[in-house]
Amino acid sequence: MRVLLLGANGYLGRFVADRLLADPAVQLTALGRGDDADVRFDLAGGSPGALTRFLDAVHPGVVINCAGATRGGARDLTRHNTVAVATVCEALRRSGCGARLVQIGCAAEYGPSQPGSSTAEDAVPRPGGPYGVSKLAATELVLGAGLDAVVLRVFSPAGPGTPAGSPLGRLAEAMRRAMQSGDGELKLGGLGVQRDFVDVRDVARAVHAASLSAAQGVVNIGSGRAVRLRDAAAVLARVAGFGGALHELDGPPGRGPLGHPRAEPDHGGPAVYPYPDGCGSWQQADVRTARDRLGWRPRINLEESLADIWMEAACRI
């Protein structure tokens, strides 16, 4: 099976590439903006015609799109998450390769949900920020393109390679700095937020399964269980061997991002905060569709994911 992977150097893309390379039946080509891509191409700036010519030459059976941006202003997010996907869809429509498209979506497309609920694929999306809007627009382009396509809406990925700027990455970095400096306490805000964390290696398994399946439409990829961030912080402290106290600060997060201490006059020390993703206080995936249509279930628990995050943070100088 010839597979064209877009965004192979990104957080998810690296693990998807590893998973596909482990399958002897897969012949993998990586396309991206970096020098280490097999083929250099900027989806956000390149023309559909140029990509069509490449598709006709390589003739992949599956195109997997892990490319995109998670940070930046609305213009950059639209360019990398929406315009780029429009280029991919148009090139696939023009090409004679007939490739199946596996698009990586995001739970931010749903926006906030009712606490205690599980979000299924038929929920009405109401993204709460420009990132979710740009990803939802991409999903609608894929679903309306008339292609053999599936969109995997990935909830909160965790595990090795977690970006230092992500909530869990910032939490691990703040804990590392506290231990390095000998601080006996770590002050954290916003830990009441609950998210559905899924290991990035399980996400890669889901992408592999989706590329082999006939599933179309939207499929949620998550653990099916919301975890309060304060509980994740407690697990991280345990695996890190942090013997100090975790003090949770009440009130809105203000300007201090998680992992960047600021003086707190009311509390007398550094404080760190998470998590402005536009998804409110609760997200939990209904993952029955992934089970039924992809034969996929998550295998790696959050403690293992957090241990891997900590191992990388602890090695950072």
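Predicted model: local features only at pLDDT ≥ 70, side-chain atom pairs only at ≥ 80, totals over all residues.

Which way do V62, V63, I64 and N65 point from strand 4, and are they buried or exposed? V62 and I64 point one way, V63 and N65 point the other way, and all are buried.

Now the neighbours of strand 4. Strand 1 pairs with strand 4 in the parallel sense, over four bridges. One of the pairs here is L6 with its bridge partner N65 in strand 4. Strand 5, residues 100-106, also runs parallel to strand 4, and four bridges join the two. There, V63 has L101 as its bridge partner. Between strand 4 and strand 5 the chain passes through helix 3, and this β-α-β crossover is right-handed.

Next, helix 2, residues 48-58. Its buried residues are G49, L51, T52, F54 and L55. Among the elements that cover them are strand 1, strand 4 and helix 3. After helix 2 comes H59, with a positive phi near 55°.

Last, the cores. The largest nonpolar core has 34 residues, and I64, L152, I221 and L294 touch the most other members. Helix 6, residues 200-212, gives the most to this core, with seven residues. A second, separate core has 30 residues, including L55, L92, V142 and A145. So much for the overview; one residue in detail. Leaving out residues up to four places away in sequence, I221 touches L152, R153, V154, F155, V198, V203, A206, A290, L294 and W296.

How values were computed: Residues numbered from 1 in each chain as written. Heavy atoms only, no water. Core = buried A, V, L, I, M, F, W, Y, C linked by side-chain atoms within 4.5 Å. Buried < 20%, exposed > 50% of the residue type's maximum accessible area, 1.4 Å probe, protein only. Contact = heavy atoms within 4.5 Å. Pairing = 2+ DSSP bridges. Right-handed = clockwise from strand over helix to strand, strands pointing away.
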